[in-house]
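Please examine the sequence and the three-dimensional model shown below before reading further. The report may then be followed with the model in view.

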Amino acid sequence: MNYLSSLKYLYYPGCTIKRDALEYEEKSLLLLRKMGIELKELESWYCCGALPSLAIDDIMSYVGGTRTLIEAQKLIRRGDFNGLLTLCPMCYNVLKRINLVLENDPDKLEILTEYMEEEERYGLGVNVVHIVEVLAGNIDRLKEIATEKLTEFKVAVYYGCTLLRPKEIAIDDPENPEIIENLLTSLEVAIVDYPFKTECCGSYHILTNRNIVVDRVKRIVSSALRRGANIITVVCPLCMYNLKQVVKEGNKLRAMYLSELLVHLVGDR
Amino acid sequence: MKEIVRKIISISGRNPFLCYQCGLCSAVCPVVEYMDTPPHKVVKLIQLGGEELKRIKSIWYCISCMACVDRCPRNVGPGILFEAFRLLTLRRGIDKVDLGTLENIDKVPTIAVVALARKTTG
Ligand code: SF4
Ligand code: SF4
């Protein structure tokens with residue numbers, strides 16, 4: 001595939017990918033490799049913290065994410081990387097929001113720099129991207145290698161929250177995202193539109209109030225079903241886990257990571 | 001101004017007095033039906049600064065999904081006020097959830113555990 005210009009990203013997996021979503025990782029890495037996109041995993045990284053603190057005086061909560069960004073900064077200086085790629089939308093969300101806060105508030109960056117005196121200063125420039133953005137930005141590469149037709153699939157796309165909110169870090173229009181639908185349509189996959197694609201799945205209530213998650217997911221899933229979907233595609237390991245509280249093996253509707261869906265299109269070798 | 005209201009404002013950096021009670025935050029909140037007091041009403045109670053504030057449980061149902069924060073036409077950001085409100089308890093060293101008692105803690109994705117710990121323990 002030497003006709004393609006080289007594309008290289010650093011890769012930040014985060015704890016959930018490595019513990020609970022290995023198949024999501026496997027399919028994503030395979031897909032990107034087939035697209036001629038090279039990844040280099042960070043040598044060391046820290047938990048992002050999953051949800052950033054919303055308090056204006058809580059600088060401690062940025063430490064882990066900032067250390068990861070500094071690690072990326074060091075490698076970007078040495079190599080020719082287009083940015084830091086994430087698979088987990090919560091990792092994406094936290095790192096983007098840390099970048100945003102530190103860009104807008106130099107005092108916070110100063111305090112962090114003082115606190116992490118063993119680290120080099122964070123220079124703000126690390127471009128954090130989510131795999132969806134990289135896929136959507138390289139549709140031509142996907143088209144080139146898409147050999148299969150998925151004529152039997154009718155796909156409802158489920159975005160969840162963290163790729164779209166807060167709106168300052170959204171990968172697409174937060175009220176009506178179409179980035180994944182456009183990607184799939186251009187690969188001739190049939191899309192089903194439904195009103196709940198950006199509705200929250202209930203998130204960490206799965207630990208303390210499972211009924212909330214089940215109610216939320218039922219609403220999302222039954223709407224997708226009514227519109228005729230047989231696949232609901234997701235990009236977040238927590239959305240996936242929560243959807244699977246309702247969507248079971250052998251149901252009319254299957255839950256599938258976007259990367260797996262695309263691997264069906266391009267073949268798995 | 002009541003001490004509790006002053007603290008919520010200083011931790012959140014948001015101004016609850018800008019709220020004009022349109023109710024949009026409650027309309028878009030994914031967990032409103034489980035709350036004892038819907039978001040717009042919590043904001044009203046913060047404005048009034050009364051004793052009822054201490055009894056509100058809604059703030060522990062809020063999962064910081066940012067739906068209300070993005071849509072609030074007055075930039076009040078109820079979800080951000082809620083975070084400050086939770087911190088009034090958590091910063092005293094009082095945990096709202098005992099992680100040791102959760103049955104499914106090693107089955108759910110790690111992000112759920114980290115997120116829960118971030119929002120409900122000190
Ligand atoms: S959306 Fe904003 S202005 Fe409207 S009720 Fe809620 S806090 Fe008040
Ligand atoms: S941030 Fe909290 S209060 Fe606001 S919509 Fe989301 S769950 Fe509801």
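The text below treats conventions, domains, pockets, ligand shells and selected residues in turn.

**Conventions**

This is a predicted model, in which local features need pLDDT of at least 70 and side-chain atom pairs count only at pLDDT 80 or more, while totals for chains, interfaces and linings use all residues. Residues are numbered from 1 along each chain as its sequence is written, chains are lettered from A and ligands numbered from 1 in the order in which they are written, and side-chain values use heavy atoms, with hydrogens and water left out.

**The domains of chain A**

The domain assignment divides chain A into domain 1 (3-132) and domain 2 (146-266); such bounds come from an automatic or database domain assignment. The centres of these two domains, taken over C-alpha atoms, are separated by 24 Å. In domain 1 of chain A, 22 residues are in contact with 22 residues of domain 2 of chain A, where contact means heavy atoms within 4.5 Å.

A pocket is found on a 1 Å grid over the protein atoms alone, with a 1.4 Å probe, as an open set of points with protein on both sides within 12 Å along at least five of seven lines; its lining residues have an atom within 4 Å of a point. Grid points are joined across faces, edges and corners, and the volume is the space filled by probe spheres set on the points. Ala, Val, Leu, Ile, Met, Phe, Trp, Tyr, Cys and Pro count as nonpolar, Asp, Glu, Lys and Arg as charged, and the others, Gly among them, as polar.

| Pocket | Volume | Lining residues | Classes in the lining |
|---|---|---|---|
| Largest | about 560 Å³ | 25 residues | 14 nonpolar, 4 polar, 7 charged |

Nearest the centre of the largest pocket lie A:L54, A:L100, A:V101, B:R14 and B:I80. Two or more lining residues come from each of α4 (89-104) of chain A and α4 (67-71) of chain B. Helices (H or I, at least four residues) and strands (E, at least two) are DSSP runs, numbered from the N terminus. With 6 residues, α4(A) gives the most to this lining. The largest pocket lies between domain 1 (3-132) and domain 2 (146-266) of chain A, because both give residues to its lining.

**The ligand shells**

A residue is near a ligand if one of its heavy atoms lies within 4 Å of it. Around ligand 1 there are 13 residues, of which B:C19, B:C22, B:G23, B:C25 and B:C72 come nearest. By class, this shell has 9 nonpolar, 3 polar and 1 charged residues.

The residues around ligand 2 include B:C29, B:C62, B:C65 and B:C68. At least two residues of this shell are supplied by each of α4 and α5 of chain B. The shell around ligand 2 has 10 nonpolar and 2 polar residues, and no charged ones.

**Buried residues**

Buried means under 20% relative accessible area, exposed over 50%, and partly exposed in between (1.4 Å probe, protein chains only). In helix α3 (residues 39-48) of chain B, the residues B:P39, B:V42, B:V43, B:L45, B:I46 and B:Q47 are buried. Their cover includes α1, α2 (24-28) and α5 of chain B. After α3(B) comes B:G49, with a positive phi near 65°.

Helix α3 (residues 63-78) of chain A contains A:T66, which counts as buried because its relative accessibility is 1%. Not counting residues up to four places away in sequence, A:T66 touches A:I98, A:L102, A:L112, A:M116 and A:Y122. A:T66 and A:L102 are 36 residues apart in sequence, and their C-alpha atoms are 9.6 Å apart in space.

**Backbone features in loops**

A cis peptide bond, with omega about -5°, joins A:R165 and A:P166. A:P166 is placed in the loop between β5 (154-157) and α8 (179-186) of chain A. A:E188, found in the loop between α8 and β6 (190-192) of chain A, is not a glycine, yet has a positive phi of about 65°. This residue, A:E188, is exposed, with a relative accessible area of 57%. In chain B, the loop between α4 and α5 holds B:N75, a residue other than glycine whose phi is positive, near 55°.
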